[in-house]
Amino acid sequence: MKRVLPAVVLALGVLVLWEIGVRVFGIPAFLLPGPVEIASAFWESRELLLFHAVPTAMEAVVGFAGAAAAGILSGVLISRSGLAERSLYPWLVASQTLPVIAVAPVLVTWFGYGVLPKVLVVVLFCFFPITVGVVDGLRATDPDLLRLMRSFGASKFRTFFMVEAPGALPFVFGGVRLAVTYCVVGAVIGEWVGSSEGLGFLMIQDKNQFETPRLFAAIALLSAMGVTLFLTVALAQRLLAPWTLRRDT
Amino acid sequence: MNRVSFQQSGGVGSRSKLAARGVGVTKGGVRILDGIDFAVEPSTFVALVGPSGAGKSTLLSLLAGLEPPTEGTIEKDGSPLSGPGTVAYMPQNDLLLPWRTVAGNVALGLEATGTSKREARSRANKALSRFGLEEFADVPPWKLSGGMRSRVALLRTALLDRDVLLLDEPFGALDALTRRHLQGWLLDVREELAATIVLVTHDVDEALLLADRAVVLGQRPARVALDLPVKLERPRTMEIETTKEFSRLKRQLLQALGVAG
């Protein structure tokens with residue numbers, strides 16, 4: 001409680017100042033609605049918002065799972081094979097300089113208005129930090145530990161699963177925590193480019209119709225979604241690999 | 001037993017458990033070991049003593065089969081050693097895995113060589129009880145003191161149940177007092193660990209306290225500078241370090257190391 005208190009106080013302070021500012025300066029709601037206005041828009045449109053939140057959340061989660069699979073696969077490949085590192089890694093790095101928002105319309109052209117192009121945008125958005133986490137984590141294995149396993153007479157397979165993979169987890173979770181904060185953004189960008197449902201779709205509509213309070217409510221919902229995903233990953237790390245959270249090991 | 005024979009000419013009738021025959025190592029153009037000949041008799045405790053950087057650890061990795069010599073051969077039970085996995089080896093760092101408990105760490109070597117997890121854990125727990133460490137079985141390694149970590153690392157290696165145990169400065173990273181405790185502990189449990197033990201150390205007292213024989217390596221490129229039988233009675237305690245015979249042997253070792261006139 002003591003740890004979250006400062007963040008809560010700061011948020012409340014900002015909200016109060018925001019509400020006061022909007023009222024004092026008489027800013028119209030279609031430009032900048034106050035928190036009270038946004039909350040009431042949220043409540044009025046709660047069913048619509050939740051309806052559109054479901055596909056967005058689904059795209060984000062499925063895309064994130066795909067990104068985790070792609071990141072782990074490419075990371076293991078790159079760290080195991082010198083050829084894969086020299087051939088694949090430079091292009092993966094180069095792919096990160098492409099603005100995904102520029103690639104998204106191409107994906108829609110290829111895969112239509114369904115779920116698939118959004119999931120692919122999320123995968124493109126999220127896989128790279130996981131790849132880097134896996135590569136760095138596997139590379140960080142203490143060479144003495146590998147020697148110890150060799151002295152036992154352990155196979156490469158056992159060495160990988162008993163020592164290298166668990167040892168890489170702190171780095172992998174670092175990448176995963178970064179990636180999971182991107183996946184909601186990826187889903188929304190995918191929806192902006194072309195969709196008939198989802199919070200991204202609703203935001204474009206609200207913008208065009210000057211439904212600004214509901215636009216802000218959608219943003220708040222997206223943010224809550226991202227935070228929830230982040231906390232889920234943090235909880236998973238605490239449960240599955242508690243030792244990665246210790247600072248003195 | 002008579003004075004141990006080193007520099008046996010090898011071949012027929014060799015009684016050595018482990019032997020280096022004309023071993024030389026050159027790494028990156030630097031000559032590290034040069035014409036090393038020595039043999040370890042079965043059921044003896046040999047200490048390899050030398051200044052830091054002399055190549056003691058390199059020699060130990062050769063004996064463990066972790067790297068091949070540039071020239072010469074390493075023999076175990078009279079036949080050339082082809083690779084790792086036949087002798088037990090304990091590196092300088094304890095290398096305990098933070099995601100395993102003490103028992104899990106002790107079981108690591110067994111699991112790494114294909115023993116089932118359940119069997120390995122049960123043997124690890126038995127070993128911990130035998131060494132009076134059962135209360136630590138489920139403790140994560142980061143809660144252990146440095147001395148306790150070393151004991152766990154030693155048990156992990158000993159549990160492999162191989163007839164030769166190689167120890168690379170096992171207490172090198174500990175403070176002086178803890179080090180003394182562990183040396184005493186090693187004296188007590190020596191019989192339980194393995195029949196034949198080779199210990200690398202730069203500590204002359206440690207070598208004389210623990211070993212049946214001390215082999216001194218000289219400066220790089222290292223050769224065997226002295227091969228000294230340590231005929232001190234067993235069982236030994238730390239008090240042996242106050243005897244005249246101990247002092248005499250210590251003087252000989254220090255002279256061979258070039259630090260006493």
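Predicted model: local features only at pLDDT ≥ 70, side-chain atom pairs only at ≥ 80, totals over all residues.
Residues are numbered from 1 along each chain as its sequence is written, and chains are lettered from A and ligands numbered from 1 in the order in which they are written.

Helix α5 of chain B covers residues 146-158 and helix α6 of chain B residues 176-193; they pack at an angle of about 20°, with axes 11 Å apart. Axes are lines fitted to C-alpha atoms, for helices over the stretch in contact, and angles run from 0 to 180 degrees between N-to-C directions. That angle makes α5(B) roughly parallel to α6(B) (under 35 degrees is roughly parallel, over 145 roughly antiparallel, 65 to 115 roughly perpendicular and the rest oblique). On the α5(B) side the contact involves B:Gly146, B:Gly147, B:Ser150, B:Arg151 and B:Ala158, and on the α6(B) side B:Thr178, B:His181, B:Leu182, B:Trp185 and B:Leu193. Residues are in contact if their C-beta atoms, placed from the backbone, lie within 7 Å. The residues of this contact comprise four nonpolar, five polar and one charged (Ala, Val, Leu, Ile, Met, Phe, Trp, Tyr, Cys and Pro count as nonpolar, Asp, Glu, Lys and Arg as charged, and the others, Gly among them, as polar).

## Architecture of chain A

Chain A has 10 helices and zero strands; both are DSSP runs, helices being H or I of at least four residues and strands E of at least two, numbered from the N terminus. The C-alpha trace of chain A spans about 75 × 50 × 30 Å along its principal axes. Of the 249 residues in chain A, 37% are buried (20 or more other C-beta atoms within 10 Å of the residue's own; 12 or fewer is exposed, and in between partly exposed; C-beta atoms are placed from the backbone). Among contacts in chain A between residues at least 6 apart in sequence, 75% join residues at least 24 apart.

Helix α3 (residues 46-80) and helix α10 (residues 212-240) of chain A have axes that come within 11 Å and cross at roughly 40°. The two helices are therefore oblique to each other, and the crossing is right-handed. A:Leu49, A:Ala53, A:Ala57 and A:Ala60 of α3(A) meet A:Ala217, A:Ala218, A:Leu221, A:Met225 and A:Leu229 of α10(A). This contact consists of nine nonpolar, no polar and no charged residues.

In helix α9 of chain A (residues 199-208), the buried residues are A:Leu199, A:Gly200, A:Phe201, A:Leu202, A:Met203 and A:Asp206. They pack against α3, α8 (156-193) and α10 of chain A. Just after α9(A), A:Phe210 adopts a positive phi of about 55°.

## Nonpolar cores

The largest nonpolar core has 84 residues, and B:Leu48, B:Leu63, B:Val106, B:Leu166, B:Ala211, B:Ala214 and B:Leu253 have the most contacts inside it. Such a core is a set of buried Ala, Val, Leu, Ile, Met, Phe, Trp, Tyr and Cys residues joined through C-beta atoms within 7 Å. Beyond its neighbours within four places in sequence, B:Leu63 contacts B:Leu18, B:Ile74, B:Val87, B:Leu166 and B:Val198. Another core, of 54 residues, lies apart from the largest one and includes A:Ala68, A:Leu124, A:Phe128 and A:Met203.

## Contact between the chains

The contact takes 19 residues from chain A and 17 residues from chain B. Helix α3 of chain B (residues 108-112) gives the most to the side of chain B that touches chain A, with three residues. That side of chain B divides into 12 nonpolar, four polar and one charged.

Notes
Contact = placed C-beta atoms within 7 Å. Left-handed = near helix turned anticlockwise from the far one by under 90°.
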